[in-house]
Each structure stands twice: as structure tokens, then as C-alpha cells.
Amino acid sequence: MPNNFPPVVNSWNEWDTLREMVVGSADNACFEPAEPGSRPAIRNAPDQPFPTGPKSKEAIDLANEELTGLARLLESQGVTVRRPETHDFSAPVTTPDFEVENQYCAVCPRDVMITMGNEIIEATMSRRARYFEYQPYRKLVYEYWNADPRVGWTTAPKPSMKDGMYREDFWEWPLEERHAKMHSFEFCVNQDEVIFDAADMSRLGRDILVQESMTTNRAGIHWLKRHLEPRGFRVHPVHFPLDFFPSHIDCTFVPLRPGLILTNPERPLREGEEKMFLDNDWQLVDVPQPVLSNDEMPMYCQSSKWLSMNVLSISPTKVICEEQEKPLQDLLSSHGFEVFPIPFRNVFEYGGSLHCATWDIHRDGDRQDYFPSLRYEPLI
């Protein structure tokens, strides 16, 4: 097959003009079970037992209506939209190292899958209920891989997820202990195995940011460095020490175009880590407070109010934003973006918003160096 035809898989950053995207689905979604890596609780009623098993048809239909609305908006902008295969999330998972009563959902492909240029990477994942969450996307991956010999496909090493991989006392640490430990960045997963969720990564051309969090440990970051740096990338661990339950970077630090990043005013970067951005003339812009407070978020949502900043770039000049987040829409407009507001509140229950609910397969452009003054010593 000749290599002069357009690449099937091609995405180097979070903002270039979008051509093909996977949008998630709430079909057969279940409540995420309690396990060592997750302690779901009902908002404002933490002492009540959290539901188990499949979500209601009403909750699934409401989320699917909004996900379909996102797909239609993308298609109206000339984007090819693909959807995951149907999967039985009510099935238990049993391995030699653990058992869990059910799985979760396929609403957030961003958590599991990431495109690095022409390579597709499946993350290890960090929670038992999400161990097989790559399966709804596997048929698509085979399609892309078979369509173009330039497509790379890497499955990161699956962790054991046995009891010893977690610090179960993490969930009982008092606030004072969290303050004491926050600079050591030790969370519910230990450092013994390679662990990362794809949504802890953010792509800025040659440079990749990886948040150290409850869902990505230092061993996971080390694996990404050893895998990506020989391919010409530069991998940068980033930290947000005022976030005591960090999970996924795209509600904290959101690049929208070369030179501009949305930042969370309650979760600043660790001192010194802003230097690479400021030295290369990037602007870090704090977003306004979300319309919903944490107490007003959906009852079963395990994410914070900062899902408000989980926007999705169609291009360097076009951004999709949740329709009720008018202050954020005004901020984006003031920076020259055409803003597309759409309803997405019912998806919040599933742990994500617009960026989380998508996985970009193809964007225009190639790998660029947006940090030309950066002095960097690669691991290898």
C-alpha cells in the first residue's frame, strides 16, 4: 500500500482542526462499584449506600441524548464521528488477582485511549471495574490498524490490581494528613506497578504533559517516558498540590491553541512547573467559577464542579462548551473563540464532560515544537 495517501490516524495536540472523533455511549452503563481505587459516595449523603448494578433506563437515555447531540454538532462541522461497540458492563470481572461485581461504562473514551501522532495507545487503567474498558473500542482500533500500515498500536502493560497495589487507608486520611502528604504525591495507588489513565495526559505537539494523580503513578510516567521519548516526544510530569483527589488533567489544565491554556484557579501548578510555559510566551488564563457548586452537582457524580472547564476544541478558533457555563463562554469569546454551547449536564453523572466523552482520531497538522526555548534532558 503506498504511503502517499492521507494518514488514517493523525493527532498531535488538543486543538488542531478536527476530522475524525470517537464519541462515547452510555448504553448498558452501570454504577461504578466500591473498590480499593474508588470509593463512590452519594453527594450530600455520604452515609447512604451507593447504588450498585445497572443505571436506570432514564439516566442512560438522558446521557445518550446529549452524547448524540455532541455527535451531531461535530458532524455539522465536517467531523466524521464514530461510536464504541455495545458492551455488557453488568458482567463481573474475575482475574487471578481480583474480582469485581460489575464494570462501568463507555461514556469516557478519553480515559482509556489516546492518539499520539499515528500511534494509538491503550492505557493501563487504574480501577478494577475499568480493567476491560478498552473492549468497546477494539473493533475500531483494528479497523484503523488494518486500513493504514503507518498506524501504530500499543497496549500498555496491564497492572495486577491486586490488593497490594493500593493504599486502602488513603480514603480515611484526615485533611491534616493530606496536607502533610500532598507534596510527596502519594495517593491510593502505590509505585510498584505501571499505572496510568490516558486522561491524565495532555498533548502539545512534541511535548506531553502527564499529571501524577490517583490514576497515574510515577511508574506509569516512567513507562510513558521510556516509550515516547525515543520517538521524539518530551514527557513532563506535572503536579497540582492543592488538589487532594487529583484524577485526570482535563478539568485542571486545558490547552486550547498554541500559547493559551485554561487553568483552574483552585489548583495551581506546583511552583516552578509554570516556567516552561512562561519562558515560551504561553498565557495561563484562570477560568471563572463554575455555575454549579460542588453541592449542586448531580447526586451520583463523582467529579467536581470543575467539569465546567472540560471543553472540547474543534479547531484553534472553535470550542464546544456546556450550555449553562455562560461566564466561561464569555471568557472564551473574549479570547477570540467561536463558542458552541450544548447541553451536557446529564453526562456529568458518568464522570466526565465534553473532552472526557471523546477520543480524537484525526486532526490536521503534524508534530510541532511549541516550546523552542525549552532545555530538556530526555530519559533515554
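Predicted model: local features only at pLDDT ≥ 70, side-chain atom pairs only at ≥ 80, totals over all residues.
**Entry 1: a buried pair.** I looked up aspartate 360 and arginine 110, and both are buried (buried means under 20% relative accessible area, exposed over 50%, partly exposed in between, with a 1.4 Å probe and protein chains only). Their side chains meet in a salt bridge, 2.9 Å from N to O (a side-chain nitrogen of Lys or Arg within 4 Å of a carboxyl oxygen of Asp or Glu). The pair links distant parts of the chain, 250 residues apart. Aspartate 360 sits in strand β17 (residues 358–363), while arginine 110 is in the loop between β4 (99–100) and β5 (113–116). For these labels, helices (H or I, at least four residues) and strands (E, at least two) are DSSP runs, numbered from the N terminus.

Residues are numbered from 1 along each chain as its sequence is written, and side-chain values use heavy atoms, with hydrogens and water left out.

**Entry 2: other salt bridges.** How many salt bridges does a search of the whole structure find? I get 32. One of them joins arginine 150 to aspartate 148, with the closest N and O atoms 3.0 Å apart. Arginine 150 is partly exposed at 23% relative accessible area, whereas aspartate 148 is buried at 1%.

Next I checked glutamate 325 and arginine 345, whose side chains meet in a salt bridge of 3.2 Å, N to O. Glutamate 325 lies in the loop between β15 (318–322) and α6 (326–334), and arginine 345 in the loop between β16 (338–342) and β17, so the pair ties together parts that are 20 residues apart in sequence. Glutamate 325 is buried, with a relative accessible area of 3%; arginine 345, at 11%, counts as buried too. I also found a network: Glu14, Arg110, Arg203, Asp360 and Arg363 are joined by salt bridges that share partners.

**Entry 3: glutamate 99.** Is glutamate 99 buried or exposed? It is exposed, with a relative accessible area of 60%. I place glutamate 99 in strand β4. Leaving aside neighbours within four places in sequence, glutamate 99 is in contact with Val93, Thr94 and Arg128 (contact means heavy atoms within 4.5 Å).

**Entry 4: a sheet.** I traced an open sheet of three strands, in the order β11-β12-β13, with mixed pairing (two strands pair if DSSP finds at least two bridges between them). β11 (253–257) and β13 (283–286) stand at the edges with a single partner strand each, so one side of each has no neighbour in the sheet. β11 and β12 (residues 260–263) pair in the antiparallel sense over four bridges. Arginine 257 has leucine 260 in β12 as its bridge partner. Helix α6 packs on the sheet, touching β11, β12 and β13, and its direction makes about 160° with that of β12. Axes here are lines fitted to C-alpha atoms, for helices over the stretch in contact, and angles run from 0 to 180 degrees between N-to-C directions.

**Entry 5: helix α1.** I looked up which residues of α1 are buried; among them are Ala59, Ile60, Ala63 and Leu67. The cover over the buried residues of α1 includes β1 (18–23), β2 (80–82) and β14 (312–315). After α1 comes glycine 78, with a positive phi near 85°.
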